[in-house]
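Here is a short briefing on one protein chain. Keep the structure open while reading.

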Amino acid sequence: MFYQLYEMNHAALQPARLYADAVRMLYTNPLNPFSHTPWGRSVAATAELFERTTRRYGKPHFGLTKTVVDWKSVDVVEKTVWSRPFCNLVRFERSIPEGRRADPKLLIVAPMSGHYATLLRGTVEAMLPYADVHITDWVDARMVPLSDGSFDLDDYIDYVIDMLHALGPDTHVMAVCQPSVPVLAAVALMETKGDPFVPSTMTLMGGPIDTRRNPTAVNLLAQEKGIDWFRDNVIMNAPWPVPGFGREVYPGFLQLSGFMSMNLDRHIIAHKDFFMHLVKHDGDNAEKHRDFYDEYLAVMDLTAEFYLQTVDTVFVRQALPKGEMTHRGTKIDPSAIRNVALFTVEGENDDISGLGQTKAAQDLCVNIPADKKAHYMQPAVGHYGVFNGSRFRSEIVPRIVDFITSYGRQDRVAVKPKLVRTAKR
């Protein structure tokens, strides 16, 4: 009932939010003389701060309509090219001239760890000039009816394999944070089976491959509590009247509280600064705050089975580096990977995936030739700086582009792409 009570509380505050929004509009209207005074701006700032801290933030849009290719501005159109109940594969189709040599196909696997795929908007935007970009757009579990079945870590791995089959040969895959483990597992399974659609390169960024190395607060919490604690304390049923009513989920609002508590002092200072920017009529800085928190506070529910299996496999048992991880009874063997070039990226100040956790993939993939493996540690960035921000654009992106263009296999015999559908469980 806790989830239902949360929904009721949110609904009960709706009149207060509407009133606060009306007050904000009144005291920011230039025809109101009080809007030009510090007192009036303080009233408007208080009203906006209340409305923003009590609202539910919906799924943001990517909003990427232009990019630059060959020093020319071209249009970009989002298209869903593959769809399953829990995920859509979105392609950012660029209007490039016919006959131009094709850019590498890049599959960006976004984290399914609370935030929407739009958290990687900057990642997509930075790669668009150099690649035919596709991204996994995971669906909010509370919006998926129970009739569509369950979704766990094994299904996640199946989805990744299916998408690589749909995109065809010579695809490059990039996993950001959480999906590093299932993507590595998917590629290992494909190599074990001699799958012709195995990707040309695999880039793993800030991922928890081996959480025994430099464990962070997130890792230590999982170790301390154990899987039973998570099952008993954070799993709830989606409330009525959402489409997924009755589905067991890990709610987005609980995830958000965890995200916020890790750096609570920073968030409090950020909101205090936002209030002062509004009072001082500093529109640029206030808009930057809105843009960041519109994205950061937009969260989605995860299916209980996926969340619990991920916590147990990755954080409690560290099954992949120990050689104990399986997929539907088949052992995951990273040493089977021989034909996929591997690039790992870490941030010096990452407090989510500690230094060495992603690099561990280099040690697990022992049969990838040394000249097809590379690692890069970006100085002076935290977790989000690994896939977003100025240092990502200026220092990490050129390395990724150089890596995937160096190990593409465009010259090999073409294999016709095929779709492999995941059976419902």
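The UniProt record, an unreviewed entry, places the feature "domain: PHB de-polymerase C-terminal" at residues 206-406. The model shown is predicted. Over residues 206-406 the chain is 48% helix and 12% strand. The end C-alpha atoms of that stretch are 22 Å apart.

**The sheet**
- Nine strands make up an open sheet with mixed pairing.
- Their order is β1-β2-β3-β5-β4-β6-β7-β13-β14.
- β1 (66-69) and β14 (373-378) are the edge strands, and each pairs on one side only.
- On average, neighbouring strands of this sheet are turned by 25° against each other, direction ignored.
- Strands of a sheet pair through backbone hydrogen bonds, either parallel or antiparallel.

- β1 pairs with strand β2 (residues 72-84) in the antiparallel sense, over four bridges.
- Valine 69 has lysine 72 in β2 as its bridge partner.
- The hairpin of β1 and β2 has two residues between the strands, and aspartate 70 in this hairpin takes a positive phi near 55°.
- β2 also pairs with strand β3 (residues 87-94), again antiparallel, over eight bridges.
- Valine 77 has glutamate 93 in β3 as its bridge partner.
- β2 and β3 form a hairpin too, with two residues between them.

**The β7-β13 pair**
- Strand β7 (residues 201-205) and strand β13 (residues 341-347) run parallel and are joined by five bridges.
- In this pair, methionine 205 stands opposite valine 345 of β13.

**Helices on the sheet**
- Helix α6 (residues 180-192) packs on the sheet and touches β4 (105-109), β6 (171-176) and β7.
- The direction of α6 makes about 160° with that of β7.
- Helix α14 (residues 390-406) lies across β6, β7, β13 and β14.
- α14 runs at about 180° to β14.

- How far apart are the end C-alpha atoms of helix α7 (residues 217-233)? They are only 18 Å apart, although the helix has 17 residues.
- A straight helix would reach 24 Å at 1.5 Å a residue.
- α7 bends by about 90° at glycine 226.
- Gly226 is also buried, as are Asn219, Ala222, Ile227 and Phe230 in α7.
- An α-helix has 3.6 residues a turn, so residues three or four places apart point the same way.
- What do the buried residues of α7 pack against? Their partner is α11 (304-316).

Notes: Residues numbered from 1 in each chain as written. Predicted model: local features only at pLDDT ≥ 70, side-chain atom pairs only at ≥ 80, totals over all residues. Heavy atoms only, no water. Pairing = 2+ DSSP bridges. Axes fitted to C-alpha atoms, helices over the stretch in contact; angles between N-to-C directions. Contact = heavy atoms within 4.5 Å. Expected span 1.5 Å × (residues − 1). Bend = angle between axes of the 7 residues up to and from the residue. Buried < 20%, exposed > 50% of the residue type's maximum accessible area, 1.4 Å probe, protein only. UniProt positions renumbered as here; feature names shortened; annotations may be inferred.
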